[in-house]
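Biologist: I've got a model open on my screen and I'd like to walk through it with you. Can we take it piece by piece?

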Amino acid sequence: NVGKSAFISAMLKTMAYKDPVAAAAQKYKPIQSAVPGTTLGPIQIEAFLGGGKLYDTPGVHLHHRQAAVIHADDLPSLAPQSRLKGRCFPMLD
């Protein structure tokens, strides 16, 4: 979850000004998400005039992440809905 998909989307957008293949590839750009593990497998993108390809790949699988132990359908319900507020409690003697 370091922004690979966001980087690829931004790169395709920049390349689209001069490269019609990159412009067309924007239609198939990777999904960007704050939820780790959204990219499940390598995504091949035809992105260059010369026939070159660009690949978006999944991040490193970490067994302790929520995405690894919670069913994908349940993940959205666990996402924060608002900012957390800090609280201070007095010390007891």
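Biologist: How many helices and strands does the protein have, and in what order do the elements run?

Modeller: Keep in mind that this is a predicted model. The secondary structure comes to 4 helices and 2 strands. Starting at the N terminus, the elements read α-α-β-β-α-α.

Biologist: Where is the confidence highest and where is it lowest?

Modeller: Averaged over the protein, pLDDT is 75, and 75% of the residues score at least 70. Where pLDDT is low, the predicted coordinates should not be read in detail. Confidence is highest in helix H1 (residues 4-15), with a mean of 82, and lowest in helix H3 (residues 66-69), with a mean of 63.

Biologist: Good to know. Which element gives the largest share of the largest nonpolar core?

Modeller: That core has 8 residues: Ile8, Leu12, Met15, Ala22, Ala25, Ile45, Ala47 and Leu54. Two elements give two or more residues to this core, namely H1 and helix H2 (20-25). The largest share, 3 residues, comes from H1.

Biologist: Within what arc do the buried residues of H1 fall?

Modeller: The buried residues in H1 are Ser5, Ile8, Ser9, Leu12 and Met15. Looking down the helix axis, you see them line one face of H1, because they fall within an arc of 130°.

Biologist: And which exposed residues sit on the face of H1 turned away from its buried side?

Modeller: The buried side has its cover, which includes H2, strand S1 (43-46) and strand S2 (53-56). The face turned away from that side carries the exposed residues Phe7, Lys13 and Thr14.

Biologist: On to the strands. Do S1 and S2 run parallel or antiparallel?

Modeller: There are 4 bridges joining S1 to S2. Ile43 stands opposite Asp56 in S2, while Glu46 stands opposite Lys53 in S2. The two strands run antiparallel.

Biologist: Which residues of S2 are on its covered face, and which on its uncovered one?

Modeller: S2 is one of the elements covering the buried residues of H1. Its covered face has Leu54 and Asp56, and Leu54 also belongs to the largest nonpolar core. On the uncovered face are Lys53 and Tyr55.

Biologist: Which residue takes a positive phi in the hairpin of S1 and S2?

Modeller: The hairpin has 6 residues between its strands. The positive phi there is near 95°, and the residue that takes it is Gly51.

Biologist: What about Gly52: what is its relative accessible area?

Modeller: Gly52 has its place in the loop between S1 and S2. Leaving aside neighbours within four places in sequence, Gly52 is in contact with Ile45, Glu46 and Ala47. Buried would need under 20% and exposed over 50%. Gly52 is therefore partly exposed, with a relative accessible area of 28%.

Biologist: Last one: what share of the 93 residues is buried?

Modeller: The cut-off for buried is under 20% relative accessible area. In the protein, the share of residues that are buried comes to 17%.

Definitions and conventions: Residues are numbered from 1 along each chain as its sequence is written. This is a predicted model: local features need pLDDT of at least 70, side-chain atom pairs count only at pLDDT 80 or more; totals for chains, interfaces and linings use all residues. Side-chain values use heavy atoms; hydrogens and water are left out. pLDDT is the predictor's confidence in each residue, from 0 to 100. A nonpolar core is a set of buried Ala, Val, Leu, Ile, Met, Phe, Trp, Tyr and Cys residues joined through side-chain atoms within 4.5 Å. Buried means under 20% relative accessible area, exposed over 50%, partly exposed in between (1.4 Å probe, protein chains only). The arc is that of the directions from the helix axis to the C-beta atoms. Contact means heavy atoms within 4.5 Å. Two strands pair if DSSP finds at least two bridges between them.
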